[in-house]
Amino acid sequence: MVTKSIKDFVFTPSHFFSYSACPQWIWFDVFGDYSKKKETSDFQTKLREQGVLHEEDYVKGMKFTHVEAVDTKEALVATSKAMKAGDPLIYQGMLEATIDGTVYRGRPDLLEKREGKSSFGDWYYIPIDIKNSGEMKENHLFQLILYGMLLENMQDIFPSEIGIINRNKERLLHMVTETDMIKTKKEISAILEIVNGKRPPLTLTGTCQQRNPWADECLKEAEARNDIALIYNLDSRAVEGLRANGINTVKDLAEADIDSLPKISYAKPETLKFKQLQAQSLLTKEVLRRSEVSIPDAPIKLYFDIEGDPFMGVEYLFGFWVVEGGKESYYKAFLAEKPEDEGKMWQEFLSWISSLPDGYRVYHYHIYEMTKLKQLAERYSTSPELEKFKGQMIDLAKVVQDSVIFPLYFYSIKDIAKHLKFAWRSAKAGGAQSIMWYEEWLEKGDRQILEDLIGYNEDDVKATEVLHKWLVKK
């Protein structure tokens, strides 16, 4: 068993990200068995790589003092020297301070010189980070304020202005408010409580499953305890309220008298009664019907799924499983083999839907398809046929939400279709893997990679049909 010592703990900006994804991440990083920690996924690695590429592209050609040292002490000395010399712009400087017994350390992308009084002279520095996002997110704010706290320790003045360079290379500056400071210090305190031994209550979310390298351990522990965290999409703040009233397990919730409970924050009585049904479904491992399923039928059924790459801002594949009464079903795909082919793919799609006969319906799972159709119409063009097509779209995720309770912890199309005994041909199947396949295809030009991607999409739309047929059959 390999664990880290609390004595080795150093608070860094990455702790804000870990905490927001899942507080258990912080706990396991300090107290967990590192042999059970999953390796970083290819998708998360890609996210980091894209951030690095964006950063390198932004600073290319700029004049700055680059703190290249990897060793912490050397980097701290080099940064302090540059700040004391009044260098206008410092790239990848290292900051560190011990505050109330905790070591804090961070490496802002840029330290920008401003006029004003500090321990250095008639200047001080503000922190700016280069982010591959459109706006300053809360984690960015916390991170930058932490840098500000470290800067204050070095220059005797807190930089009230902080900022990011966004994915469009725009400078987004922010004046730090008292509320910002209170929220940041509260976040820091919550993280330090965990580091010092206060175990956070278990929570299971989709974000946790995607990002937290300890997610499998969280799930195993929740299952072993039959913990209430296993209830799908129950607000973590409501979970705290239920625990305070002695409801700690799935069984507790399944058998609770909801009407006798005091007010539970972030969960109305009707919400709790719905969650109680979920608990009962998990206990019995049976599907529960909340209401009759009503889904408009059609002689031509189109099962629809879009694949897109958020890094490149491109939708690269429209896939359909076409089912016509009395005819053999078939798969239809529109593909942008290169990102610049997206517009061509869009026009081919518009041309195809204009040739469809009357009497079709389009079945999809969740809001992604409708959202992207609207965006692409704004980017390129629309048509009466597109408006007709959108009018025939039926979101099966909403049907499931309104009508059915599955004995599942998560309700993605993959979770549900696998419960219905549908299997994807690739063990790697997933939206993140689709993106990795597409970028690998662009890099290597290997047609087999492209075929794997298309095969995954075909399985997705076939899975959507499986769900539809199950819903209307039961």
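**Close-up 1. Gln 92 in the loop between β2 and β3**. In this predicted model, Gln 92 sits in the loop that links β2 (89–91) to β3 (95–99). Check the backbone here: phi of Gln 92 is near 60°, a positive value, and the residue is not a glycine. Is Gln 92 buried, exposed or partly exposed? Its relative accessibility comes to 24%, so Gln 92 counts as partly exposed, given that buried means under 20%.

**Close-up 2. Lys 169 in the loop between β7 and β8**. How does Lys 169 fare on accessibility? With 39% relative accessibility, Lys 169 counts as partly exposed, because that class lies between the buried limit of 20% and the exposed limit of 50%.

**Close-up 3. Helix α15 crossing helix α18**. Now for a pair of helices: α15 covers residues 396–403 and α18 covers residues 447–473. Their axes come within 11 Å and cross at roughly 35°, and the crossing is left-handed.

**Close-up 4. Side by side at the α15 and α18 contact**. Which residues of α15 meet α18? On the α15 side they are Leu 396, Val 399 and Val 400. Facing them from α18 are Thr 464, Leu 467, His 468 and Leu 471. Sorted by class, this contact has five nonpolar residues and two polar ones, with no charged residues.

Definitions and conventions
Residues numbered from 1 in each chain as written. Predicted model: local features only at pLDDT ≥ 70, side-chain atom pairs only at ≥ 80, totals over all residues. Heavy atoms only, no water. Helix = DSSP H or I, 4+ residues; strand = E, 2+ residues; numbered from the N terminus. Buried < 20%, exposed > 50% of the residue type's maximum accessible area, 1.4 Å probe, protein only. Axes fitted to C-alpha atoms, helices over the stretch in contact; angles between N-to-C directions. Left-handed = near helix turned anticlockwise from the far one by under 90°. Contact = heavy atoms within 4.5 Å. Nonpolar A, V, L, I, M, F, W, Y, C, P; charged D, E, K, R; others polar.
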